[in-house]
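The following paragraphs lead the reader through one protein chain, from its overall layout to particular contacts. Please keep the structure in view while reading.

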Amino acid sequence: MTVKGAGQEYLTRQIGALLEAIREEGPVGEGRRSFRLAGHLAAEGGFHLGDILAATAHLLAVHAWNNGYLAAAELLTRRMRDFGAESVELVQYLVRLETGIEQGWLPQEDREALIDYARRAQRPDIERRAQAIEPLVPGVSDPECPDRMASES
């Protein structure tokens with residue numbers, strides 16, 4: 001295994017530890033352990049601190065929301081905004097990207113906004129992944145099976 005490969009494996013384990021901490025802290029946890037792990041991940045993985053903390057706050061908020069703790073979700077969403085507008089914007093677009101990848105499609109407007117964001121942010125990695133998602137054209141494509149031809153006409 002190369003040093004680079006070992007580094008990637010380490011980061012993968014760190015991300016796994018962060019996700020596990022989020023699950024363990026529960027939907028009303030303050031995220032102390034999660035935010036501490038996120039800080040380490042940012043320092044060791046070369047991630048922007050605000051980006052990883054905003055993503056952590058978002059994951060904790062979703063976890064709280066899904067378990068019916070709306071006040072905790074609202075608090076964590078406000079906390080997410082404290083990490084900077086650019087970090088929040090990145091997290092919102094990454095959620096949209098991952099949703100599109102999981103579904104295999106995105107509404108055309110969302111896909112185009114995602115590609116525009118990737119170009120503005122100079123993130124060719126995000127742009128490539130976004131372009132691989134099928135666009136859903138309202139009234140033309142079926143969400144279960146997007147029509148490639150609809151986007152080409």
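Helices and strands are taken here as DSSP runs, numbered from the N terminus, a helix having at least four residues and a strand at least two. On that basis, the chain of this predicted model contains 8 helices and 2 strands. Read from the N terminus, the elements follow the order α-α-α-α-α-β-α-α-β-α. The chain has 153 residues, of which 35% count as buried.

Helix H1 spans residues 3–25 and includes Ile 15. Together with Leu 19, Phe 47 and Leu 59, Ile 15 forms a nonpolar patch on the surface, and the four residues share about 300 Å² of accessible area. Ile 15 itself is classed as partly exposed because its relative accessibility is 37%, a value between the limits of 20% for buried and 50% for exposed.

The next topic is the salt bridges, of which the whole structure has 6. One of them joins the side chains of Arg 120 and Glu 89, with an N to O distance of 3.1 Å. Arg 120 is exposed, at a relative accessible area of 54%, whereas Glu 89 is partly exposed at 28%.

Another salt bridge brings together the side chains of Glu 127 and Arg 119, at 2.7 Å from N to O. Glu 127 counts as buried because its relative accessibility is 17%, while Arg 119 is partly exposed at 48%. Asp 125 and Arg 123 also form a salt bridge, in which the closest N and O atoms are 2.8 Å apart. Asp 125 is partly exposed, with a relative accessible area of 32%, and Arg 123 is likewise partly exposed, at 28%.

What is the phi of Gln 122? The angle is near 55°, a positive value in a residue other than glycine. Most residues other than glycine have a negative phi. Gln 122 lies in the loop between helix H6 (108–120) and helix H7 (124–131), and its relative accessibility of 68% means that it counts as exposed.

Note on methods
Residues are numbered from 1 along each chain as its sequence is written. This is a predicted model: local features need pLDDT of at least 70, side-chain atom pairs count only at pLDDT 80 or more; totals for chains, interfaces and linings use all residues. Side-chain values use heavy atoms; hydrogens and water are left out. Patches are made of residues with over 30% relative accessible area and no salt bridge: like charges are joined within 9 Å, nonpolar side chains (Val, Leu, Ile, Met, Phe, Trp, Tyr) within 5 Å. Accessible areas come from the Shrake-Rupley method with a 1.4 Å probe; for residues, only the protein chains shown count as cover. Buried means under 20% relative accessible area, exposed over 50%, partly exposed in between (1.4 Å probe, protein chains only).
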